[in-house]
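Me: I am new to this structure and would like to learn how to read its features. Please take them one at a time.

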Amino acid sequence: MIYLDHAASTPIHPEALEVLQSSFAQDFANPSSPHALGRKTLEQLESIKKDIIKIFQTQEKEIIFTGSATESNNTIINHFQAQGKILFSEADHPSITAAISLEKKCPALHNTTGDLDWDRLENQLQEHGKNISLAIFTHINSQSGVILDYQRLADLLKQYAPQAFFHLDFSQTLGKWPIPSELCRAVDGLTLSSHKMGGPKGIAAHLIPKGKHLTALLKGGSQQSGRSSTIAFPLIKSWHKAILINCSSSNCWLQMKEQTQKLYLQLKNKIPEIQFPFETNDCSPFIACFILPLISSDILMRHLEMEDIYISTTSACSSRHAQENPVLAALQVPPELSNNVLRISFSNETSAAELEQFAEYLSFCYKQLKSLLKKKRK
Ligand SMILES: Cc1ncc(COP(=O)(O)O)c(C=O)c1O
């Protein structure tokens, strides 16, 4: 099997799975319980929290665990849209775009290579900056792979909307990108996801400034500030293991960059008509988005599936609505090509041999389907 859909979800790392299994058996006590078992779990939890915060090299933030990145993004948006408008991108994940009510939307636009249109954004901020309570963006766009220049955005916000909370969705970044020390000085909040980086599903988090109280989505026991529900400690312990494994290897980004560049070359050599619409931008080497004109991406995906190769067309949450995909529209993909977009995404475990095999089979499939199409047209 060749699995190239890690941006949707990765398999759990074997060591994280081991921790999960043993923690489910041993750490069953509720960390909010006052007895010795509860206190023991709480102690472990506090130590894990400190560890994660240390990775972000900050003393000013605290971590709130949630059930998913969707929950974290929704919590942030729910809190701030009561206070003003929200600057965001329609090219971002639906956990952001669908959570903002229409009258609060202040969408930033993109140019044709997937980057923000910075001139238009500055004009927009000059006009509406005072009314913006939240700017929320993904750091690495899950469709295009384009990396947001968050420092540039932070500087613009400081100038035109200093009151705005700046939140970055880090779901596609954690465990892949070396975290710079200035990150937590540039942004106010971060969304983190476990199952995109070798941790278990059902756990995520947001970092927010210490002492900041957000409106809870669910009413209940307030186990964490602004978040009710019993803390899923075994999931957190397992995720922590995945974080230790994946955040300690600082050269995985460079290694993957080399592999991806090689793959791009191979694909361009084998399929001259292939288009990489976002490649001129600063992109994550873990996500490659490309267009194959003539053959629909669904057909190609199904053919690859028959060979036990798994790729995606668009992000998992938008893939059922490919016809009117708002992410592709916001990324300026011409509507006539929106059914020809494919996305492949990698983990730290993806090997050069797998990518080579994929390139080989994709070009074989594409050529076969193209010749069938030609015959049919004759
Ligand atoms: C950037 C980004 N944010 C948020 C999410 C939502 O994650 P989940 O479905 O785990 O809540 C995803 C999932 O694909 C994503 O890519």
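Reply: Begin with a pair of helices: H10 passes H12 in a right-handed crossing. A crossing is left-handed if the near helix is turned anticlockwise from the far one by less than a right angle, and right-handed if clockwise. Helices (H or I, at least four residues) and strands (E, at least two) are DSSP runs, numbered from the N terminus. This is a predicted model, in which local features need pLDDT of at least 70 and side-chain atom pairs count only at pLDDT 80 or more, while totals for chains, interfaces and linings use all residues. Residues are numbered from 1 along each chain as its sequence is written.

Me: At what angle do the axes of H10 and H12 cross?

Reply: Two packed helices are described by the angle between their axes and the distance between the axes. Axes are lines fitted to C-alpha atoms, for helices over the stretch in contact, and angles run from 0 to 180 degrees between N-to-C directions. For H10 (residues 297-306) and H12 (residues 352-377), the crossing is at roughly 125 degrees, and the axes come within 10 Å. H10 and H12 are therefore oblique to each other. Angles under 35 degrees count as roughly parallel, over 145 as roughly antiparallel, 65 to 115 as roughly perpendicular and the rest as oblique.

Me: Which residues of H10 and H12 meet?

Reply: Two residues are in contact if their C-beta atoms, placed from the backbone, lie within 7 Å. From H10 come Ile299, Leu300, His303 and Leu304, which meet Tyr361, Leu362, Cys365, Tyr366 and Leu369 of H12. This contact of H10 with H12 has eight nonpolar, one polar and no charged residues. Ala, Val, Leu, Ile, Met, Phe, Trp, Tyr, Cys and Pro count as nonpolar, Asp, Glu, Lys and Arg as charged, and the others, Gly among them, as polar.

Me: How do I read H1 and H8: what is the angle at which they cross?

Reply: The axes of H1 (residues 14-26) and H8 (residues 233-248) cross at roughly 155 degrees and come within 8 Å. That makes H1 roughly antiparallel to H8. Their crossing is right-handed. Among the H1 residues in the contact are Glu15, Val19 and Phe24, and those of H8 include Phe233, Lys237 and Ile245. By class, the contact of H1 with H8 has eight nonpolar, two polar and three charged residues.

Me: What is the order of the strands in the open sheet?

Reply: Strands of a sheet pair through backbone hydrogen bonds, either parallel or antiparallel. Two strands pair if DSSP finds at least two bridges between them. Here the open sheet has seven strands in the order S2-S8-S7-S6-S5-S3-S4, with mixed pairing. S2 (61-66) and S4 (105-108) stand at the edges, each with a single partner strand, so one side of each has no neighbour in the sheet. From one strand to the next, the twist averages 20 degrees.

Me: How many bridges join S7 to S8?

Reply: Four bridges join S7 (residues 189-193) to S8 (residues 204-209), and the two strands run antiparallel. Ser193 has Ala204 in S8 as its bridge partner.

Me: Last, how many residues of domain 1 and domain 2 are in contact?

Reply: Domain bounds come from an automatic or database domain assignment. In this chain they give domain 1 (2-8 + 250-377) and domain 2 (14-248). Contact involves 26 residues of domain 1 and 23 residues of domain 2. The side of domain 1 that touches domain 2 has 15 nonpolar, nine polar and two charged residues. The C-alpha centres of the two domains lie 28 Å apart.
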